[in-house]
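Let's take a friendly walk through this structure together, moving from helix packing to a pocket and then to some backbone details. Keep the viewer open as you read.

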Amino acid sequence: MDSNKRPENMARIDSIELAQKFISEQTEQILSQVKDKKVLLALSGGVDSSVVAALLIKAIGKQLVCVHVNHGLLRKGEPEQVIRVFRDQMDANLVYVDAVDRFLNKLAGVSDPEQKRKIIGAEFIRVFEEEAKKLEGIEFLAQGTIYPDIIESDGVKAHHNVGGLPDDLKFSLVEPLKLLYKDEVRIVGKTLGLPDAMVYRQPFPGPGLGVRCLGAITRDRLEAVRESDAILREEFAKNGLEGKVWQYFTVVPDFKSVGVKNGKRTFAYPVIIRAVNTVDAMTATVENISFDLLQHITNRITNEVEGINRVMYDLTPKPCATIEWE
Ligand code: XMP
């Protein structure tokens, strides 16, 4: 039987009981596969890698080595959350790599969106390989491959994500979620005790805020993206839109406009808000946010985010715009 094909009679995991059954079956299977050997995992903090980490921690504890690469393009609070949940709460073997300067130096002056993606992907693999080489006795590589990845890309979780499988690391793969759909992965994660903020989070591109800091990335605009995104998420949560709107974020372009603050002329960047709903990300409609809320968010962003003097709301559906700006 093709182990990459979901059996037709496999029950949909839609309850805690079925998730528990899946977890105990997988625990046994993982133990019989890896025995007393070590397993390496690139833990981004996204849903899939986080659920794989939690499952493997339950099955093999410290035999799992998680590597979290902070490339500087994560949302506010994300690296801290990974450390808090996995190192502090789950007592995982977690290697935290601060690669912020390395990534930002490589990206300096690069404005082409595809080139930016390539640099981020290639640098991620390089950092991960370097960390893997420092570790002794690793025989397995765990991956958060899920069933849609297999259906869409012949089993390679690299099409859209930063950090495909490093080619010259000859590890055997551990992919315990490879027959599950996203909603099933979330239930398994919740059953394993992961926080809702991690399990139910909105989609986030592999190149992260790098595709929302338009053109050549600069540290000041990157911080403006991160801070305005945090304000938007906080306000959406407060106003009952979290979990209701499919994806929402801010973008900072690389041009300035004239403004005025405290009687003085400013020349600063704008922030663009995007909030969309979709089923499959192939088409998308714009969320009808109330004008009051938009005005409140505008006030907060222009008052709290350094270097921003204007806020806009993107009203364009997909098509003809894409969801991201790059
Ligand atoms: P677009 O912009 O193509 O986005 O309408 C559709 C969905 O894909 C996400 N996206 C990415 N995800 N790496 C990813 O992992 C990427 O390079 C990337 N580009 C877009 C986007 O956030 C949206 O959910």
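At roughly what angle do the axes of helix H1 and helix H2 cross? Before the answer, please bear in mind that this is a predicted model. Helix H1 covers residues 16–34 and helix H2 covers residues 47–60; their axes cross at roughly 65 degrees and come within 9 Å. With angles from 65 to 115 degrees counted as roughly perpendicular, this makes H1 roughly perpendicular to H2. As for handedness, the crossing of H1 and H2 is right-handed.

Now look at the side chains at this crossing. From H1 come Phe22, Ile23, Gln26, Thr27, Ile30, Leu31 and Val34, and these meet Leu55, Leu56, Lys58, Ala59 and Ile60 in H2. Sorted by class, the contact of H1 with H2 holds nine nonpolar residues, two polar ones and one charged one.

H1 has another partner to look at. Helix H7, residues 182–191, packs with H1 at an angle of about 80 degrees, and the two axes are 9 Å apart. H1 and H7 are therefore roughly perpendicular to each other. On the H1 side the contact is made by Ile16, Ala19, Gln20, Phe22 and Ile23, and on the H7 side by Ile187, Val188 and Thr191.

Next, the empty space. Rolling a probe the size of a water molecule over the atoms shows where such space is left. The second largest pocket holds about 570 Å³. Its lining has 18 residues, and those nearest the centre of the pocket are Phe22, Gln26, Gln29, Pro176 and Leu179. Which element gives the most to the lining of the second largest pocket? That is H1, with eight residues. Strand E5 (172–174), like H1, supplies at least two residues of this lining. By class, the lining of the second largest pocket has ten nonpolar, four polar and four charged residues. Phe22 turns up again here, as one of the residues nearest the pocket centre.

H9 passes H10 in a right-handed crossing. H9 brings Ser228, Ile231, Leu232, Glu234, Glu235, Phe236 and Lys238 to the contact, while H10 brings Leu293, His296, Ile297, Arg300, Ile301 and Glu304. This contact of H9 with H10 divides into six nonpolar, two polar and five charged residues.

Finally, some backbone geometry. Asp91 has phi near 55 degrees, a positive value in a residue other than glycine, and Asp91 sits in the loop between helix H3 (78–89) and strand E3 (93–98). Ala281 also has a positive phi, near 70 degrees, and is found in the loop between strand E8 (264–277) and strand E9 (285–286).

Where does Pro319 lie? Pro319 is in the segment after strand E10 (308–313). The peptide bond from Lys318 to Pro319 is cis, with omega near -15 degrees. Another cis peptide bond joins Pro319 and Cys320, where omega is about 20 degrees; Cys320 is likewise in the segment after E10.

Definitions and conventions: Residues numbered from 1 in each chain as written. Heavy atoms only, no water. Axes fitted to C-alpha atoms, helices over the stretch in contact; angles between N-to-C directions. Helix = DSSP H or I, 4+ residues; strand = E, 2+ residues; numbered from the N terminus. Parallel < 35°, antiparallel > 145°, perpendicular 65-115°, else oblique. Left-handed = near helix turned anticlockwise from the far one by under 90°. Contact = heavy atoms within 4.5 Å. Nonpolar A, V, L, I, M, F, W, Y, C, P; charged D, E, K, R; others polar. 1 Å grid on protein atoms, 1.4 Å probe; cavity = no way out; pocket = protein on both sides within 12 Å on 5 of 7 lines; lining within 4 Å. Points joined across faces, edges and corners; volume = space filled by probe spheres on them.
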